[in-house]
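The exercises below are intended for study with the sequence and the model at hand.

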Amino acid sequence: MLITGAGSGIGRLMALEAARRGATIAVWDRDKAGADETVRQVVEAGGAASATVVDITDRAAVAAAAEREGPVDVVINNAGVVTGATLMEASDEAIERTFQVNTLALFWVTRALLPGMLDRGRGTVVTIASAAGLLGVAKQTDYAASKAAAIGFTESLRAELRDARSPVRTLVFMPYYIDTGMFEGVRTRFPLLLPILDPHKAARRVIRGVERGTQQIVMPPMVRMVPVLRALPVRAFDAVVDFFGINHTMDHFVGRGPSR
Ligand SMILES: NC(=O)c1ccc[n+]([C@@H]2O[C@H](COP(=O)([O-])OP(=O)(O)OC[C@H]3O[C@@H](n4cnc5c(N)ncnc54)[C@H](O)[C@@H]3O)[C@@H](O)[C@H]2O)c1
């Protein structure tokens with residue numbers, strides 16, 4: 001199993017969870033210290049893992065790193081970044097980086113690893129998208145757009161694989177906020193209905209989903225209402241979203257700071 005961005009957050013926890021269930025883990029991250037630490041934790045827990053420093057926005061580096069990996073049956077496109085600024089406050093560079101990491105890298109990583117899965121007649125391509133891909137929120141123009149694209153990417157790939165009668169599967173994960181530090185500072189108005197998710201639980205759900213052949217996971221269950229609510233007129237839809245305080249969740253966002 002290959003996991004991008006597994007040097008931190010749910011990527012690391014998915015690596016630990018999958019290793020516990022017997023998978024050999026390949027960690028790809030641009031952060032060497034984080035990737036090495038994940039490998040150390042996996043090995044300490046009795047598993048097998050390797051770390052490669054890869055910037056997944058670098059197409060040539062992705063292709064070269066994929067060549068060096070052994071057969072990969074599961075790829076988890078997990079690496080992600082967030083800007084956390086309004087449309088006019090975000091820098092051009094931050095906006096581009098969001099799309100490069102959250103959207104375009106899905107293409108480079110998946111195109112490098114999918115042929116092997118097709119040849120072997122098995123595999124799963126996992127996309128860690130976000131509930132933000134289902135619902136736009138203030139200070140997330142780039143992030144929400146990049147995650148909506150990630151959902152579209154996975155759904156179209158699923159259609160192509162279905163058309164080709166391929167046994168290779170896809171799984172898309174659309175969680176609300178997760179307590180990893182990536183969205184440090186966000187607040188939720190009704191924590192019982194829309195809790196900030198426990199990263200261990202989120203990671204377990206994804207790995208269990210891979211094992212069971214699940215194609216879509218939305219967390220918490222309340223988020224499943226979003227597509228249903230879209231049947232309402234826009235003004236009513238927005239009023240519901242505002243009632244739940246969604247549009248102010250980012251008011252106190254600090255995230256991981258400008259360099260992350
Ligand atoms: N934390 C949340 O609230 C939340 C909510 C919904 C979805 N998600 C998604 O879950 C995924 C993981 O998020 P997390 O909270 O664990 O974040 P995190 O910041 O803890 O981990 C992200 C990892 O991606 C790596 N990364 C970033 N850019 C990279 C690049 N160019 N090349 C290689 N690696 C790169 C980072 O070094 C880091 O190790 C992301 O796709 C994120 O958008 C997170």
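The model is predicted, so local features are taken at pLDDT of at least 70 and side-chain atom pairs only at pLDDT 80 or more, while totals for chains, interfaces and linings use all residues. Residues are numbered from 1 along each chain as its sequence is written, and side-chain values use heavy atoms, without hydrogens and water.

**Exercise 1. The surroundings of the ligand**

Task: Determine which residues come nearest to the ligand, and describe the shell around the ligand by residue class.

Solution. 

Step 1. Of the 31 residues around the ligand, the nearest are Ser8, Asp29, Ile178, Thr180 and Arg256.

Step 2. Serine 8 places a polar side-chain atom 2.6 Å from an oxygen atom of the ligand. For aspartate 29, a side-chain N or O atom is 2.6 Å from an oxygen atom of the ligand. Valine 54 takes part through its backbone, where a polar atom is 3.5 Å from a nitrogen atom of the ligand.

Step 3. On its own the ligand has 830 Å² of accessible area, of which the protein covers 98%; such areas come from the Shrake-Rupley method with a 1.4 Å probe, and for residues only the protein chains shown count as cover.

Step 4. The shell consists of 15 nonpolar, 9 polar and 7 charged residues. Here Ala, Val, Leu, Ile, Met, Phe, Trp, Tyr, Cys and Pro count as nonpolar, Asp, Glu, Lys and Arg as charged, and the others, Gly among them, as polar.

Step 5. Helices α1 (9-20) and α5 (141-163) each contribute at least two residues to this shell. Helices (H or I, at least four residues) and strands (E, at least two) are DSSP runs, numbered from the N terminus.

**Exercise 2. The course of helix α4**

Task: Compare the span of helix α4 with its expected span, and find where α4 bends.

Solution. 

Step 1. Helix α4 comprises residues 92-120, which are 29 residues.

Step 2. Buried residues have under 20% relative accessible area, exposed ones over 50%, and partly exposed ones lie in between (1.4 Å probe, protein chains only). Among the buried residues of α4 are Ala94, Val101, Leu106 and Met117.

**Exercise 3. Backbone exceptions**

Task: Locate the cis peptide bond, and state where lysine 139 and arginine 165 lie.

Solution. 

Step 1. Most residues other than glycine have a negative phi, and most peptide bonds are trans.

Step 2. The bond from methionine 219 to proline 220 is cis, with omega near -15 degrees. Proline 220 belongs to the loop between β7 (216-219) and α7 (225-229).

Step 3. Lysine 139, although not a glycine, has a positive phi of about 70 degrees. The loop between β5 (124-128) and α5 holds lysine 139, which is partly exposed because its relative accessibility is 26%.

Step 4. Arginine 165 is not a glycine either and has a positive phi of about 50 degrees. Its loop runs between α5 and β6 (169-175), and arginine 165 counts as exposed because its relative accessibility is 76%.

**Exercise 4. Sequence and space**

Task: Is alanine 35 buried or exposed, and how far in space is alanine 35 from valine 72?

Solution. 

Step 1. Alanine 35 lies in helix α2 (residues 32-44). At 1% relative accessibility, alanine 35 is buried.

Step 2. Valine 72 is located in the loop between α3 (59-68) and β4 (74-77). With a relative accessible area of 7%, valine 72 is buried.

Step 3. These two residues, valine 72 and alanine 35, are 37 residues apart in sequence, and their C-alpha atoms are 18 Å apart.

Definitions and conventions
A residue is near a molecule or strand if one of its heavy atoms lies within 4 Å of it. A polar contact is a pair of N or O atoms within 3.5 Å; within protein, one must be able to donate a hydrogen and the other to accept it, and residues adjacent in sequence count only if both atoms are side-chain atoms. The expected span of a helix is 1.5 Å times one less than its number of residues. The bend at a residue is the angle between axes fitted to the seven residues ending there and the seven starting there.
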